[in-house]
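Student: I'm new to this one. Can you walk me through it?
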Amino acid sequence: MNKTDVDHDVKLVLGELLSEAPDELTKRVLTCFDPSKSFTSNVNSFNKSSFTTNMLEAVASFLDINIVDENSNKLHTKLGLAQRIVFGIFALFPTECPECSCSYTVKRNDSRPFFYCYTCFQGAHWCPYIKAKSGKLSEADLPMGMVWLCRKCVVKNNPTTLRKTARTRSDSSEDSSSIATDNKITVNQKSSCKL
């Protein structure tokens, strides 16, 4: 899938969200999302003072994000709601399956995926590999559950890659210390600690 297809698919997802929004208030909040901006920038747009927590809760409900627990206690602060909404929108965009490498999207009205990414809440699709894993997990009685990561989060959180990146940056640095900004690790070459 090329960049033009992805851009087209992202626009379709955003258009569907706006057309399915239950009211003008939800539409107004959703229009602040900009797919060309970063996660943090989008969170800041939703967290701005012109949006109240109640407005964000309405959008979260529309996106099927739990806003209260079983005892009716609120689960999120305003910032937490803003983050969860941005994750929820990004989770509707096309992605690639870590199991079968197929490109897919999880629609808002689809049946709930069996797995959600532990980091970004992206839902898995129902490829044969996911079906087999879900079947095996259904049979197993796991008291602690399981963690599934989408492809982007597997790549982003791969400890081998992070270690190599930090080492490469520290090796190529001309002064005695540098900061690996992607993962916020401070590397000091004069330290006895080797990464």
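Tutor: Here is a short tour, from the whole chain down to single residues.

Student: What should I know before we start?
Tutor: This is a predicted model: local features need pLDDT of at least 70, side-chain atom pairs count only at pLDDT 80 or more, and totals for chains, interfaces and linings use all residues. Residues are numbered from 1 along each chain as its sequence is written, and side-chain values use heavy atoms, with hydrogens and water left out.

Student: How many helices and strands are in the protein chain?
Tutor: Eight helices and four strands. Both are DSSP runs numbered from the N terminus: helices are H or I, at least four residues, and strands are E, at least two.

Student: What pattern does the chain follow along the sequence?
Tutor: It reads α-α-α-α-α-β-β-α-α-α-β-β.

Student: What share of the residues is buried?
Tutor: Of the 195 residues, 31% count as buried. Buried means under 20% relative accessible area, exposed over 50%, and partly exposed in between, with a 1.4 Å probe and protein chains only.

Student: Let's zoom in. Which residues of α5 are buried?
Tutor: G80, L81, A82, R84, I85, V86, G88 and I89.

Student: How far apart are the end C-alpha atoms of α5?
Tutor: They are 19 Å apart. The helix covers residues 78–90, so at 1.5 Å a residue its 13 residues should span 18 Å, which agrees. The expected span is 1.5 Å times one less than the number of residues.

Student: New topic. Where does P22 lie?
Tutor: In the loop between α1 (3–20) and α2 (24–30).

Student: Is P22 buried or exposed?
Tutor: P22 counts as exposed, because its relative accessibility is 57%. The C-alpha atoms of P22 and A58 are separated by 9.4 Å, though the two are 36 residues apart along the chain.

Student: And T26, buried or exposed?
Tutor: T26 lies in helix α2. It is buried, with a relative accessible area of 1%.

Student: What is T26 in contact with, leaving aside neighbours within four places in sequence?
Tutor: A21, A58, V59 and F62. Contact means heavy atoms within 4.5 Å.

Student: Last one. Which residues lie nearest the centre of the second largest pocket?
Tutor: L63, D64, R84, R112 and Y116, out of 19 lining residues. R84 is also one of the buried residues of α5. On a 1 Å grid over the protein atoms alone, a pocket is an open set of points where a 1.4 Å probe fits, with protein on both sides within 12 Å along at least five of seven lines; lining residues have an atom within 4 Å of a point.
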